[in-house]
Amino acid sequence: MSFTPQHLFFDDVEVGQNWLSLGRTITEADIVNFAGLSGDFNPIHIDHEFARTTPFRRPIAHGLLVFSVGSGLGVSIPMMRTLAVLTIREWDFRGPVFIGDTIRVRSEILEKETRARGRRGVITWKRQLLNQEEKVVQEGVTLTLVEGRAALRSQESGVRSQEEELPTDS
């Protein structure tokens, strides 16, 4: 996917802004597919009989599956010109996610740091993954590298410079 004009630059957002994503319901197919992809076949996730013997009384989604779904939801709200995830820190798994739970992501900008003369910047995010009851099931801090408007200006000036060097038909 390419960035669109709707994708925000580092310069377009401010510390303190926050967003709430759309929801995504976790299905049994998600859990089974994630087990196959990750190799994590712990019976707490895929064995209904075993899960009945646990404090949860039913299978729970893998914590990293929920984290991954949250990451995907965070890509679209807000739509940023993200170049890389740099750090995941202070990440806490607060509660179980069950088949049929719907996850949303609340994102808030904690800090911004300009890099490369404004061509990029680092955004520090507080991310909370909420279930349908608005309970926080996971939360933590992530840092992302986001394109700045100066990168667009340097790309545009580079194109103009190249065009000026092209021979003409005179």
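Val 32 lies in helix H1, which spans residues 28–38; helices (H or I, at least four residues) and strands (E, at least two) are DSSP runs numbered from the N terminus. The model is predicted, with local features requiring pLDDT of at least 70 and side-chain atom pairs pLDDT 80 or more, while totals for chains, interfaces and linings use all residues. Residues are numbered from 1 along each chain as its sequence is written, and side-chain values use heavy atoms, leaving out hydrogens and water.

With a relative accessible area of 45%, Val 32 is partly exposed (buried means under 20%, exposed over 50%, partly exposed in between; 1.4 Å probe, protein chains only).

Asp 40 is found in the loop between H1 and helix H2 (43–46). Asp 40 is also partly exposed, at 31% relative accessibility. Beyond its neighbours within four places in sequence, Asp 40 is in contact with Ala 35, His 45 and His 62, contact meaning heavy atoms within 4.5 Å. His 62 is 22 residues from Asp 40 along the chain, and their C-alpha atoms are separated by 8.4 Å.

The largest nonpolar core has 15 residues, of which Ile 26, Ala 61, Leu 65, Val 97, Ile 103 and Leu 129 touch the most other members. Such a core is a set of buried Ala, Val, Leu, Ile, Met, Phe, Trp, Tyr and Cys residues joined through side-chain atoms within 4.5 Å. H1, helix H4 (63–76) and strand S4 (102–115) each supply at least two residues of this core, and H4 gives the largest share, five residues. A second, separate core of eight residues includes Phe 10, Val 13, Met 80 and Ile 123.
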